[in-house]
Amino acid sequence: MEPVEEQRLIERARKGEADAFGPIITAYQRKVFNFIMGMTHDPTIADELTQEVFLKAWTALPRFRGESQFQTWLFQIALNATRSWGRWKKIGLARFVSLSGPTEAEVSDKTEYQGPQVADRDPGADPARQTESAALQAQLSRAIEQLPPREKEVFHLRHYEDLSLKEIAQLMGIAEGSVKAHLFHALEKMRKFLGGPSDVL
Amino acid sequence: MSCESWGPLLAAEIYGDNSEADQRALKEHLLACAPCRTQLESWHAALSMAGSKSNQLDESFWIRQKASILAQLPERSSGGWLVRGRWLAPTLVMGLVVMTGWGLHRQSVRRDLPIAQNMDMLQNMDMLSHLDVLEAMDQTEAQ
């Protein structure tokens with residue numbers, strides 16, 4: 001979506017025009033869902049939290065002053081939602097937190113989420129190589145999973161959602177240098193988890 | 001500068017996020033530092049496995065999700081800000097302070113009321129001008 005078009009839609013949505021909010025949802029729902037999915041590893045929770053993020057964004061939109069990009073602001077809401085969910089999960093109440101649980105029909109309607117995929121996976125490639133790739137993929141997922149929350153957030157936002165370090169710093173409320181440090185620690189821990197370059201390759 | 005301290009710049013380099021000055025400095029360091037070169041290469045190898053995140057959810061999932069969000073959108077009324085979110089607590093506190101202040105003020109006025117009423121009565125009955133006469137009568141009676 002063109003920035004000018006997005007700005008126009010945001011302005012209309014700020015005034016309460018729900019029609020203008022539709023294209024905004026279309027533009028960002030995948031990114032928000034993917035980020036939350038990466039943090040929660042549960043498609044049902046990711047779906048619920050994504051909906052919650054957009055509902056909160058709608059409610060808070062009149063207070064959005066455009067000091068940051070809309071995407072940064074939206075991811076800030078998503079980050080808060082996942083952190084809040086994480087806190088409730090710790091004490092075993094996460095299931096009671098979401099706004100509304102999905103109906104049985106909604107759950108069955110979903111195609112099963114396959115997790116992060118290697119972009120250049122070729123369906124016609126050698127099956128042995130595909131199996132090896134899938135094993136490496138699973139290993140990498142475990143490596144990401146064992147990262148501390150802040151490092152995991154930074155890694156997901158930078159690597160998968162392609163947010164700049166500046167944007168990540170802004171939405172997390174930390175210095176850009178700290179984002180770089182988190183990213184460094186994340187990459188280093190992942191490398192160690194995967195057993196160093198000789199095991200990776 | 002130790003290799004550890006180059007770490008954040010190395011991490012940023014992976015994604016091309018370094019400034020030109022940082023890039024130059026890091027390039028110089030990498031020419032002289034084999035461990036940092038190896039580290040950078042190993043990260044590249046690990047991240048090539050990570051790929052980009054693409055999910056295999058059906059288009060109908062996104063359509064249903066969007067429809068669900070739009071169906072839940074609350075109406076935004078012009079006065080809604082007063083009773084929602086961050087304005088609710090300050091509004092309640094302010095209301096409480098105003099009501100307490102008004103109550104205290106009313107209480108002090110009520111305490112002063114008898115004196116004020118007596119003064120009004122004296123003025124209304126035009127008795128202040130006869131105060132000297134009344135005092136003289138009192139003194140006579142006392143004698």
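In what order do the elements of chain A run from the N terminus on? In this predicted model, the order is α-α-α-α-α-α-α-α-α-α. Chain A has 201 residues, and 33% of them count as buried. Among contacts in chain A with a separation of 6 or more, 64% join residues 24 or more positions apart.

Two helix pairs that share helix 4 of chain A are described here. Two packed helices are described by the angle between their axes and the distance between the axes.

Helix 3 (residues 43-60) of chain A meets helix 4 (residues 70-90) of chain A at roughly 130 degrees, and their axes come within 9 Å. Helix 3 of chain A is therefore oblique to helix 4 of chain A. Their crossing is right-handed. Helix 3 of chain A contributes Ile45(A), Leu49(A), Glu52(A), Val53(A), Lys56(A) and Ala57(A) to the contact. Helix 4 of chain A contributes Leu74(A), Ile77(A), Ala78(A), Ala81(A), Thr82(A) and Trp85(A). By class, this contact holds nine nonpolar, one polar and two charged residues.

Helix 4 of chain A also packs with helix 8 (residues 165-172) of chain A. The angle is about 50 degrees, and the axes lie 9 Å apart. Helix 4 of chain A is therefore oblique to helix 8 of chain A. This crossing, too, is right-handed. On helix 4 of chain A, the contact involves Thr72(A), Phe75(A), Gln76(A) and Leu79(A). On helix 8 of chain A, it involves Glu167(A), Gln170(A), Leu171(A) and Met172(A). The residues of this contact divide into four nonpolar, three polar and one charged.

Conventions. Residues numbered from 1 in each chain as written. Chains lettered and ligands numbered in written order. Predicted model: local features only at pLDDT ≥ 70, side-chain atom pairs only at ≥ 80, totals over all residues. Helix = DSSP H or I, 4+ residues; strand = E, 2+ residues; numbered from the N terminus. Buried ≥ 20, exposed ≤ 12 C-beta atoms within 10 Å, placed from the backbone. Contact = placed C-beta atoms within 7 Å. Axes fitted to C-alpha atoms, helices over the stretch in contact; angles between N-to-C directions. Parallel < 35°, antiparallel > 145°, perpendicular 65-115°, else oblique. Left-handed = near helix turned anticlockwise from the far one by under 90°. Nonpolar A, V, L, I, M, F, W, Y, C, P; charged D, E, K, R; others polar.
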